[in-house]
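Hello,

Here is the structure for you to open. My notes follow below it.

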Amino acid sequence: MESIATVPRSDADIFSEEVMAAPYTVFRELRDAGPVVRLDRYDVLAVPRYAEARHVLGDWEAFSSADIALNDRFNQYLEGSILSAAPPLHDRLRGVMASRLAPRAMRDLKPDITRRAEELVERLVAKGSFDAVADLACWFPVEVVGDLIGLPREGRERLMPLVDANFNCFGPDSDRTRASAAKLPELADYVMTSAARGALTEGSMGSAVYEAADAGDIPQESAPWLVMGYVTAGMDTTVHAIGHAVWLLAEHPDQWDALRADPSLVPQAFREVLRHESPVQVFGRTAAADWTVGDLTVPAGSRLAILYGCANRDERKWADADRFDITRANADHLAFGYGLHGCAGQALARLEGEAILHALLSRVRRIEAGEPVRHFNNVLRGLESLPVTVSTD
Ligand code: HEM
């Protein structure tokens, strides 16, 4: 058995804007280097391939989420949150969220989300040209999720940059992370005031959290943090997915035509967007015990960086992995994670993304995209802006 000393090493800086702008060559090098690769700059072991990423995500006891961020300061801040908790606390927190985000609850929401998507797309298509990020992708999840949580209308526009900063804080200690950490008090202030119990709409997901605390289902002190969980997890991720969906379908007119010819492919197409350009790129885990992977041993206590977007391009798993193909079998992509901490809001995210695609499909013959501007975040992959022109039949 080889020792940790033989784990392949890389000096790639996956958190630099240079690599974030075009990560896929570096991702391939990491996957080719081995099943775990030490990122020398950050003293963490990257898990770049699909099989090992799924293995780690699927075993919460062997790979703890207690240190889900790549810096200690934010891990302390996250203590007791759903993302970093283990059972039994994790399951109590998740139980409160799951009932409101389960597929059955989504069926009730579908007519309203469909109508909102149609109204928005109708308005934008009438203009002919618009920014697919600012006017479409940003607007929709903030409205939909904001209403579901029960947030007051006023002040929602503050959220996107604050949530973006929150995601940056999962990264390694760096200028970007520290600048974002300085914004956390403003996000906490929002949750404690604008999203405080009395400010939330009656019957909303947010007020259900406080009712669960009253019923003793979750600790009282967890309630605002769980509301924070909805706010932080449910907006920017979906914004980036929708932005990428428009971009990829504009760049691949053959795929757009295939989708127009067969709209029943919409769920598969949205999954392919998530596989191809995964909104969440990295979260951390810690090996609780020695982990034998191939002929390497990763010692207990090692900090791991799971590269979701890199695993979703692994040629060991996906034929012609870099090809955007809405007809491929892609149900087991890792963009929503996997296992205990797999995304609690994935049915909602899919509902939103699919509603937007259907609304576009029924009105738009061709989407033409101008130059996209990339958004840089330690964890999220998305676009800052995407000018598009749409033509109708
Ligand atoms: C396309 C959009 C989305 C993507 C790509 C996404 C991605 C993810 C990923 C990768 C995780 C796993 C974290 C881990 O492995 O530790 C996760 C967890 C989570 N997501 Fe999402 N998410 C999306 C939308 C949403 C929405 C709309 C909500 C709720 C409104 C949501 C709520 C959550 C929650 C609560 C967790 C934590 C689950 C747990 O720790 O048990 N997400 N998400």
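Asp 320 sits in the loop between α17 and α18. Helices here are DSSP runs of H or I with at least four residues, strands are runs of E with at least two, and both are numbered from the N terminus. The phi of Asp 320 is near 50 degrees, a positive value in a residue other than glycine. Asp 320 is partly exposed, at 48% relative accessible area. (Buried is under 20%, exposed over 50%, partly exposed in between; 1.4 Å probe, protein chains only.)

Two notes on the source. This is a predicted model, in which local features need pLDDT of at least 70, side-chain atom pairs count only at pLDDT 80 or more, and totals for chains, interfaces and linings use all residues. Residues are numbered from 1 along each chain as its sequence is written, and side-chain values use heavy atoms, with hydrogens and water left out.

Asp 43 also has a positive phi, near 50 degrees. Its loop runs between β2 (37–39) and β3 (44–47). Asp 43 is exposed, at 57%. Most residues other than glycine have a negative phi, and most peptide bonds are trans. Pro 87 and Pro 88 are joined by a cis peptide bond, with omega about 10 degrees. Pro 88 lies in the loop between α4 (72–78) and α5.

Now the iron. The ligand's iron atom has a single protein donor, Cys 343 (SG), 2.3 Å away. Donors are N, O and S atoms within 2.8 Å of the metal (3.2 Å for Na, K and Ca); water is not among the atoms, so sites may look incomplete. Cys 343 is in the loop between α17 (308–311) and α18 (346–361).

Best wishes
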